[in-house]
Amino acid sequence: MSAPAYRRVAVTGLGLGLVSPLGNAPATFFDNLLNGVSGVRPLPPGQELDGLNTRIAAQSDYNPADHLPKARASMLDRHAQMALISANNALQSTAFATAGYDPARVGVYWGTGMGGAQAIAAATRAVYQQGAQRLHPFTVIRVMSNAAASAIAQDHGLRGPCLTYSVACASSAISIGEAFQAVRAGGVDAAVAGGSEALITRLVVQAWEALQTLAMHGDADGAQACRPFSAGRSGFVLGEGAACVVLEDYARATRRGAAIHAELVGYGASCDATHVTKPDEAGQTAAMRAALAQAGIPPEAVQYINAHGTATQVGDVIETNAIKHVFGAHAKRLAVSSTKSMHGHMMGATGAMEFLATVMALAQGAIPPTAHWLGPDPLCDLDWVPNEGRRHPNLAYAMSNSFAFGGSNAALLVRRAGAATGPAP
């Protein structure tokens, strides 16, 4: 029996497909990353977070009224609003409506860790603090984890699969990976993929404080609190946002003259099956190796990794060891950085945001740094691109890692548009 004929998959939908603490246009976002700008700020008053130890976060700045009709925005939780805004902009950038796609052959693949957390917080306040006898009529719709994917499909008339992945911190990396698999195998012709999260509520922040994984401030305003792979790191900073890309059959995108930002060539997913919170080197290794195997390239072909890099004491060491296990002697030649140091940890949205950053690194031939790096930890001994972005005009292959509570791991492998295709299908 002959092997199935898989299609190449183009990343075409970058446009303005994000809402982030570092700006809502990709060019602004990536320039800020390259320059080591921090999106971490003190939390403004009035968010019912007084009394908590944590007073910093990486919040996104947007006004729903500038992007969505009032009635539409009122139906959506903050994470779904950001999702719809990011998708609207990404789809505009692809001229999707005029591309001749059958809407039944276009899917929506979205990731979120906790869905409508803001709506849950509002409903909880209304009932238990204000004694409300009736809740807002859209409460159920706002809380639904699939509300973001549904809104994207509805507003753009997309009638293919509409799927939501909730896999903690790997949610949106897995949504992109599964969309890639569907386009590659011919299940759909194109897919809108990404993720969104808005978790800066008292309940969520206090829950993370209880796990003792949030960063101590470290400086006056907390902007430099997140220091992945660095000596003296103390944990991550919560972030929020949304990021969206469009994946298309490469041949069809080429025929219609679409701007192809990169080619997605490999996806690996695995489960540690060991511990609900402690990461596992074997599971992370398996995901990265699976992505390389699907792409059909040797480890030495990869030049940059956007690491999961949460700045926790244990997690950073395990990821360092997993990278060394997969890449061997080449690991020392890799550029590896964690952009969470600047945009925070967006949980279910972070994989998509970091994938977008990885694609832009390839497209621009530039690698963002690991910001706020204070000095080497002997157990984290790779090239972390410390504090300053780096030009790399010959960058051809890059990987984005996402690892999650529950033991789920995902790795996405991309090739620069126009780079030699090598052995990848």
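Which elements cover the buried residues of α10? I found that the cover includes α7 (171-185), β9 (262-271), α11 (313-327), β14 (397-403) and β15 (408-416). Contact here means heavy atoms within 4.5 Å, and buried means under 20% relative accessible area, exposed over 50%, partly exposed in between (1.4 Å probe, protein chains only).

Ground rules before I go on. This is a predicted model, where local features need pLDDT of at least 70 and side-chain atom pairs count only at pLDDT 80 or more, while totals for chains, interfaces and linings use all residues. Residues are numbered from 1 along each chain as its sequence is written, and side-chain values use heavy atoms, with hydrogens and water left out.

**Helix α10**

I listed the buried residues of α10 as G283, Q284, T285, A287, M288, A291, L292, Q294 and A295.

**Whole chain**

I counted 13 helices and 15 strands in the protein chain; these are DSSP runs, helices being H or I of at least four residues and strands E of at least two, numbered from the N terminus. The radius of gyration is 20 Å, close to the 22 Å of the globule rule for 425 residues, so the chain is as compact as a globular protein of that length. That radius is taken over C-alpha atoms, and the rule is 2.2 Å times the number of residues to the power 0.38. The C-alpha atoms fill a box of roughly 65 × 55 × 40 Å along the principal axes.

Buried residues make up 59% of the 425. Of the contacts with a separation of 6 or more, 78% come from residues 24 or more positions apart.

**Helix α6**

In α6 (residues 147-156), I noted A147, A148, A149, A151, I152 and A153 as buried. They pack against α2 (70-74), α3 (78-93), β5 (106-111), α5, β6 (162-165) and β7 (190-197). Just after α6, G157 takes a positive phi of about 65°.

**H136**

Is H136 buried or partly exposed? At 36% relative accessibility, H136 counts as partly exposed. I located H136 in the loop between α4 (117-128) and α5 (139-143). Leaving out residues up to four places away in sequence, H136 touches S74 and R142. Its C-alpha atom is 9.4 Å from that of A126, 10 residues away along the chain.
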